[in-house]
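Morning, everyone. Let me put today's chain on the screen, and then we'll walk through it.

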Amino acid sequence: MAKRVHQPREDAEFDFILGMSRVPVLAYFTGTWPKAIEPCRAMDLVVGNVADEYTGRLTAVRTDITRCPSATKRYGITGAPSYVLLKEGEMVAHGTGPMTIAEVREFLDGHL
């Protein structure tokens, strides 16, 4: 995974990252149950590449649903992988399911 993708260990750390970011935040939510593992692992590479490409324009945060239950509930996440784009703490876009790099770029470009 790219070095530019943050991985909070708990909700407080997730909130800290959001509060410190001066650019929009792409929070992608992952799960560890059997049907979520492979799609979430695939998205690690996709989001890592996008995070590197959008350096300085975006903060990427890999958010484990189990470790960050408050964030998961706050943004209405019901499955993994799921994506939330936040600007100044407000959700401006939401998506679910595996995406290609091109699809993630399209998801972001309409809002950045």
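This is a predicted model: local features need pLDDT of at least 70, side-chain atom pairs count only at pLDDT 80 or more; totals for chains, interfaces and linings use all residues.

First, a term: a salt bridge here is a side-chain nitrogen of Lys or Arg within 4 Å of a carboxyl oxygen of Asp or Glu. Residues are numbered from 1 along each chain as its sequence is written, and side-chain values use heavy atoms, with hydrogens and water left out.

Now the overall layout. The chain has 4 helices and 5 strands. Both come from DSSP runs: H or I over at least four residues for helices, E over at least two for strands, numbered from the N terminus. In sequence order the pattern reads β-α-β-α-β-α-β-β-α.

Next, burial. Buried means under 20% relative accessible area, exposed means over 50%, and partly exposed is in between, with a 1.4 Å probe and protein chains only. By that rule, buried residues make up 47% of the 112.

Contacts next, meaning heavy atoms within 4.5 Å. Take the contacts between residues at least 6 apart in sequence: 69% of them join residues at least 24 apart.

Back to charges. Side chains of opposite charge can pair when their charged atoms come close. The salt bridge count is 6. I'll show three of them.

One is D15 with R74, at 3.0 Å from N to O. This pair links distant parts of the chain: D15 sits in helix α1 (residues 11-20), R74 in helix α3 (residues 69-74), 59 residues apart. D15 is partly exposed at 33% relative accessibility. R74 is partly exposed at 41%.

Another is R4 with D52, where the closest N and O atoms are 3.9 Å apart. R4 is in the segment before β1 (5-6) and D52 is in helix α2 (residues 34-53), so this bridge ties together parts 48 residues apart in sequence. R4 is partly exposed, at 44% relative accessible area. D52 is partly exposed as well, at 40%.

Then D44 with R62, with closest N and O atoms 2.7 Å apart. D44 belongs to helix α2 and R62 to strand β3, so the pair joins parts 18 residues apart in sequence. Are these two buried or exposed? Both D44 and R62 are buried.

Now a charged residue without a bridge. D64 lies in strand β3 (residues 59-64). It is buried yet has no salt bridge, and the nearest side chain of opposite charge, R67, is 4.6 Å away. What does lie by the D64 side chain? The backbone nitrogen of T66 is 2.7 Å from one of its polar atoms. Beyond its neighbours within four places in sequence, D64 is in contact with T30 and T32.

L112 is in the segment after α4 (101-109). L112 is partly exposed, at 33% relative accessibility. Not counting residues up to four places away, L112 touches P24, Y54, R57 and K87. From L112 to A36, the C-alpha separation is 28 Å.

Notes. Lys and Arg count as positive and Asp and Glu as negative; His and the chain ends are not counted. A polar contact is a pair of N or O atoms within 3.5 Å; within protein, one must be able to donate a hydrogen and the other to accept it, and residues adjacent in sequence count only if both atoms are side-chain atoms.
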